[in-house]
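Hi everyone, thanks for coming.

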Amino acid sequence: MRVALFLTCVNDTLYPDTGRAVVKLLTRLGVDVDFPMGQTCCGQAHYNTGYRHEAEPLARHFSDVFGEYEAIVTPSGSCGAMVRELYPRMGERARAEGRGDTLAQTLAPVVPKTYELTEFLVDVLGVTDVGAYYPHTVTYHPTCHGLRSLGLGDRPRRLLQAVKGLELRELPGADECCGFGGTFAVKNSDVSAAMGADKVRNAESTGADVLCAADNSCLMHIGGTMGRLNTGMRPVHIAEILASTEEEPLV
Amino acid sequence: MSGTFVGMPAFPKAAHEAVHNATLRGNLRHATHTIRSKRAKAVAEVSDWAALREAGKQIKDHTLRHLDDYLVQLEESVTAAGGIVHWAADADEANRIVVELVKMTGETEVVKVKSMATQEIGLNEALEAEGIHAYETDLAELIVQLGKDRPSHILVPAIHRNRGEIRDIFAREMSEWGRPAPEGLTDTPAELAEAARLHLREKFLRAKVGVSGANFMVAETGTLVVVESEGNGRMCLTLPETLISVVGIEKIVPTWQDLEVFLQTLPRSSTAERMNPYTSTWTGTRDGGAGEGDGPQTFHLVLLDNGRTDTLADEVGRQALRCIRCSACLNVCPVYERAGGHAYGSVYPGPIGAILSPQLRGTGSEIDASLPYASTLCGACYEVCPVAIDIPEVLVHLRERVAEGGQATRGGNRVVLKPAKGHAAERAAMRAARWAFSHPGALRTGQRLASRTRRFHPRTLPGPGRAWSETRDLPAVPAEPFRDWWQRTQGGKEAEAK
């Protein structure tokens with residue numbers, strides 16, 4: 001199976017390790033991974049900040065780059081939700097504004113074949129034990145868009161539970177937002193910081209070494225708060241845990 | 001809306017104090033988490049919750065689509081039952097009507113059952129200006145009124161007050177308004193409730209005029225419905241000779257059968273009760289004006305627009321008018337939990353307030369332009385909403401209106417709004433980012449530049465980014481962006497060594 005990795009602009013620029021982990025993991029599971037070099041950004045930041053018209057060319061660009069692939073896999077619940085939930089909405093809005101079906105038709109092909117990583121592993125590949133080894137205590141934070149827009153449910157936790165050596169600890173208040181919210185973290189910095197601090201305190205209360213999530217932007221916010229609060233916990237993307245093996249463990 | 005909220009600062013500024021007030025945050029956290037988990041349990045008991053939610057949404061949408069017809073039907077039914085219907089386009093008109101009606105009775109006191117519509121228009125202040133005293137009879141509203149305070153929650157207006165504060169307010173203020181608090185009042189809930197009961201009983205028995213809101217209005221019979229927990233509503237609705245109900249035009253349901261849905265979803269969503277303690281319904285005057293039976297001799301219904309028709313004209317935003325004021329969205333909202341209700345600058349705080357206020361009032365003021373951004377778009381509010389209002393969708397829609405301007409309806413006219421002040425730099429940045437993202441080569445150049453200069457990156461950011469780096473460490477820029485690694489190693493197939 002040949003799939004396209006939609007890494008997302010944030011991961012490409014700031015978290016290349018996550019990208020390498022996805023490639024390693026999927027290759028190990030027999031998937032032929034391609035990284036279309038034309039990819040950039042899904043347009044979520046533009047859309048959610050209120051610049052829908054700026055997001056449209058980016059959505060079209062996404063469809064141009066990924067349209068031909070059998071499946072598109074992304075290690076981000078948030079960017080996955082942008083394609084799956086908001087691209088159809090952009091098409092509908094264009095139609096409602098009397099601009100016809102062109103945008104909807106352009107975006108339609110990529111919508112059903114875009115998968116968040118854990119969804120792809122469980123639903124498409126049908127695996128929960130990916131042969132990973134990670135000898136740490138881990139607590140899992142389900143990020144909002146993965147949880148509510150994509151409905152990932154317990155897929156990530158099932159994958160983590162199957163990891164050898166990993167001890168999963170329940171995170172109190174797991175389904176509460178960490179306070180990142182894109183530009184929210186800057187526009188409403190006080191509230192965002194308070195939410196982040198509460199999330200970190202809840203994570204600390206589990207005594208786990210690692211806080212795991214499926215979105216690096218949320219992890220950037222939580223990790224940045226952890227660093228400032230000197231917790232000693234580490235934020236780690238789920239792809240990196242699932243890619244870690246006994247032969248090549250993630251340190 | 002109420003004059004008391006004019007000139008509020010933007011949400012982030014208004015929230016600043018609450019975020020750093022540990023007692024307030026503790027009170028809010030405790031209260032919202034308690035109601036939140038109780039609600040989840042009460043909802044889980046109902047096997048057809050999803051169907052009820054969908055039915056509520058459909059009934060409300062259908063009614064809003066035919067609102068003109070149902071309003072006319074309601075007016076006919078109310079009139080036939082001996083009531084008098086008044087139409088108020090805005091807050092001033094509604095206040096003028098109510099003041100006139102009270103003056104006609106010759107009374108200078110009215111008792112009130114909790115009504116968000118009258119808070120929205122600032123009725124108490126308008127009555128006070130004409131020498132008429134309005135007494136709030138809901139316990140929490142009484143606390144807010146005696147404390148010269150503002151409500152901060154839809155269902156629990158005094159959620160920001162603890163027992164000690166309430167005791168102090170009662171002991172200090174009750175004598176100014178009527179029966180004083182008992183000597184040696186403590187902060188036990190039973191004593192506080194008893195003090196309020198004694199104070200209020202005197203008001204109920206004396207007042208000749210009652211002012212109410214309504215949770216629902218049934219078009220087919222002209223019946224109004226109030227759903228409450230304390231019984232104060234029933235006292236206000238049955239004892240006074242004159243009853244004036246001020247209700248938003250969106251509160252209509254077509255038939256009694258439609259109530260079946262909401263009388264299940266509202267109590268469970270709001271107070272986590274299977275059924276609320278008091279559901280009062282009233283139709284016109286006692287015996288259709290013949291003077292027999294229970295209830296008021298004179299009944300006035302003031303139908304309030306105040307921005308609702310404008311909201312209805314907006315295809316995305318109109319879903320906010322489905323709201324049945326249960327407050328479930330407030331109790332799950334992580335932003336409300338930290339910022340408190342006052343920061344929203346409206347009687348409608350929390351997620352619903354963030355989409356309702358900027359539509360009812362327009363996005364012209366600083367506070368209204370900032371409300372659509374008072375959310376992380378986490379979606380918890382949409383998940384719990386018993387009438388399925390997609391609050392995140394409306395927030396983004398209103399963000400667009402604020403950031404880029406566009407068409408809206410104000411005062412019944414289509415207008416073209418200019419972008420709100422303070423968004424020029426952001427707009428330019430978004431445009432530049434869109435350009436870079438439309439040109440993969442430009443993105444790549446930028447990434448490489450960031451990687452090569454990474455040793456010189458500051459630990460803190462200037463400008464808007466300062467807000468980030470004050471409380472969070474910045475992520476370190478890697479030595480090589482992913483796409484360079486991919487190309488260099490042919491997707492990891494070639495040797496890693498540089």
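Let's begin where the two chains meet: 66 residues of chain B are in contact with 61 residues of chain A. Please keep in mind that this is a predicted model. Together, chain B and chain A bury about 5,600 Å² between them, and 58% of that area lies on carbon and sulfur atoms.

What about charges? How many salt bridges are there between chain B and chain A? The count is 12. If you'd like one to find on the screen, look for Glu400(B) and Arg52(A), whose side chains meet in a salt bridge at 3.1 Å, N to O. Counting polar contacts instead, we get 35 residue pairs between chain B and chain A, with both residues at pLDDT 80 or more.

And which element of chain B gives the most to the side that touches chain A? That would be helix H20, residues 424-438, with 8 residues. Taking that side of chain B as a whole, its residues divide into 31 nonpolar, 21 charged and 14 polar.

Now let's move over to chain A and look at some strands. Strand E3(A) covers residues 71-74. Ala71(A) and Val73(A) point one way from this strand, Ile72(A) and Thr74(A) point the other way, and all of them are buried.

Strand E1(A), residues 2-5, runs parallel to E3(A) and is joined to it by 3 bridges; here Leu5(A) has Val73(A) as its bridge partner. Strand E4(A), residues 114-116, also runs parallel to E3(A), again with 3 bridges, and there Thr74(A) is partnered by Glu116(A).

That's my tour, and I'm happy to take questions.

Note on methods. Residues are numbered from 1 along each chain as its sequence is written. Chains are lettered from A and ligands numbered from 1 in the order in which they are written. This is a predicted model: local features need pLDDT of at least 70, side-chain atom pairs count only at pLDDT 80 or more; totals for chains, interfaces and linings use all residues. Side-chain values use heavy atoms; hydrogens and water are left out. Contact means heavy atoms within 4.5 Å. Buried area is the accessible area (1.4 Å probe) that two parts lose on being put together, summed over both. A salt bridge is a side-chain nitrogen of Lys or Arg within 4 Å of a carboxyl oxygen of Asp or Glu. A polar contact is a pair of N or O atoms within 3.5 Å; within protein, one must be able to donate a hydrogen and the other to accept it, and residues adjacent in sequence count only if both atoms are side-chain atoms. Helices (H or I, at least four residues) and strands (E, at least two) are DSSP runs, numbered from the N terminus. Ala, Val, Leu, Ile, Met, Phe, Trp, Tyr, Cys and Pro count as nonpolar, Asp, Glu, Lys and Arg as charged, and the others, Gly among them, as polar. Buried means under 20% relative accessible area, exposed over 50%, partly exposed in between (1.4 Å probe, protein chains only). Two strands pair if DSSP finds at least two bridges between them.
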